[in-house]
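Dear colleague,

Please find below the structure that I am handing over to you.

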Amino acid sequence: MDDDATQHSWFGPPDIAAVLESTEESREYVRQWQGFMTARLALSVVMVALQGSLYFTGFAQSRLLVAICVAYFVATLASRLLEKPHALGTSFNKSWLSLVGVDVVAFSALQIVQGNNINYTPLFALPVLLSAVLGPLRLALGTAAGVTVLLLVNTTWTHLTSLADATAYFVQSALSGVGYFVIALLANQLSTRLANAGQRARLNQAAANIQRHVNELVIESLQDGVVIVDASGRVLAANPAARRLLGVAHAQPHLLDLKAHAGWAPLWNLTRVCIGTGEGLEEDVTLRQGALGVQRIKVRTRLAAPQGGGADSLCVLFLQDLRALEARMRTEKLASMGRMSTAVAHEIRNPLAAISQANALLEEDLGD
């Protein structure tokens, strides 16, 4: 079902606000939130393991790096276990500081303390992605701008303290900042597009479910029997009228099989011919149902071809009781005869009334 079908649905345009507040969308946001929290926790574990290994093996002598990694691990673990999913908002508020701000501060501290030995700038992609996916574009671009400023400030401080040529470092910081802006823009656009696609899918699914429910109600109330059969003869669905005609009024439709009852052989033959040729048939058949006696039924078959590959065709049988149909035809004939008799009587009464009136006038003249 596409957007045009949704707009021209029986039930009018859908309520977008209700869809935005739906449970499914809330679950999707919770899954994204938990995914980012798990990624932050996993990154903190890797950082603690890395710095701890470097420190205990003697390759690094700074305890401050290990302390920063441990503090970041505690912060990510607390946010994963204690904080509930909530919107980041449109500005640098408390929600932003408790998540994105912690990452930016931790990675900046690692970059400053470590110096030029290890480059931690790729880690800034995580807070930028978190802001782009869980927040609006404005917040994502603001986060990318803040990270870029921090990188440039760090490079400037390094240049002033070492008095070395820092052109390459400035270029690297500028390129990293541009990359963060691109990541923020693309991630936010992709996240928005996926959210819109999910919203349209939920709208179409809701409309399809309502349409299916209405179809089921209409089919259930039909006086004619409707049976849906697959290529193996298994009954997939049957309305109450069809189950009465087949003599299984209280049976479950999905437990029926046209091949299992000898009296249903004519229906199975019509089903095979319809699926084999792809053409609809119309025929009067006789069903022998044991204690229920002989049932004469008018059967029309239609093929329900699949829309995609890998699916089997289905045959839809429309059943009508010939006795009820003949009784209906007799009733219609009697009604037609009654209407004709009324019309003839009306046409006869008109000239008779004129004749009677003329006779009365003549009688008055003769009396005078």
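**Findings**

Among contacts in the protein (heavy atoms within 4.5 Å) between residues at least 6 apart in sequence, 57% join residues at least 24 apart. Please note that this is a predicted model, in which local features need pLDDT of at least 70 and side-chain atom pairs count only at pLDDT 80 or more, while totals for chains, interfaces and linings use all residues. Residues are numbered from 1 along each chain as its sequence is written, and side-chain values use heavy atoms, with hydrogens and water left out.

The protein contains 11 helices and five strands; these are DSSP runs, numbered from the N terminus, with helices (H or I) of at least four residues and strands (E) of at least two. Of its 368 residues, 30% count as buried, that is, under 20% relative accessible area, whereas exposed means over 50% and partly exposed lies in between (1.4 Å probe, protein chains only). The accessible surface comes to about 22300 Å², and carbon and sulfur atoms account for 63% of this surface. Such areas come from the Shrake-Rupley method with a 1.4 Å probe, and for residues only the protein chains shown count as cover.

The largest nonpolar core has 33 residues. A core of this kind is a set of buried Ala, Val, Leu, Ile, Met, Phe, Trp, Tyr and Cys residues joined through side-chain atoms within 4.5 Å. Two or more residues each are given to this core by helices H3 (23-56), H4 (63-81), H5 (94-114), H6 (125-134), H7 (137-162) and H8 (167-220). H5 provides the largest share, seven residues. Phe107 is among the residues with the most contacts inside the core. Leaving aside neighbours within four places in sequence, Phe107 is in contact with Leu43, Met47, Tyr72, Tyr120, Leu123, Phe124 and Pro127. A second, separate core of 22 residues includes Leu258, Val299, Cys315 and Leu317.

Two of the helices deserve a separate paragraph. The axes of H6 and H8 come within 8 Å and cross at roughly 35 degrees; axes are lines fitted to C-alpha atoms, for helices over the stretch in contact, and angles run from 0 to 180 degrees between N-to-C directions. On the H6 side, the contact is made by Ala125, Val128, Leu129, Ala132 and Val133, and on the H8 side by Tyr180, Ile183, Ala184, Ala187, Asn188 and Ser191.

Finally, Thr38 is found in helix H3 and is partly exposed, with a relative accessible area of 39%.

Yours sincerely
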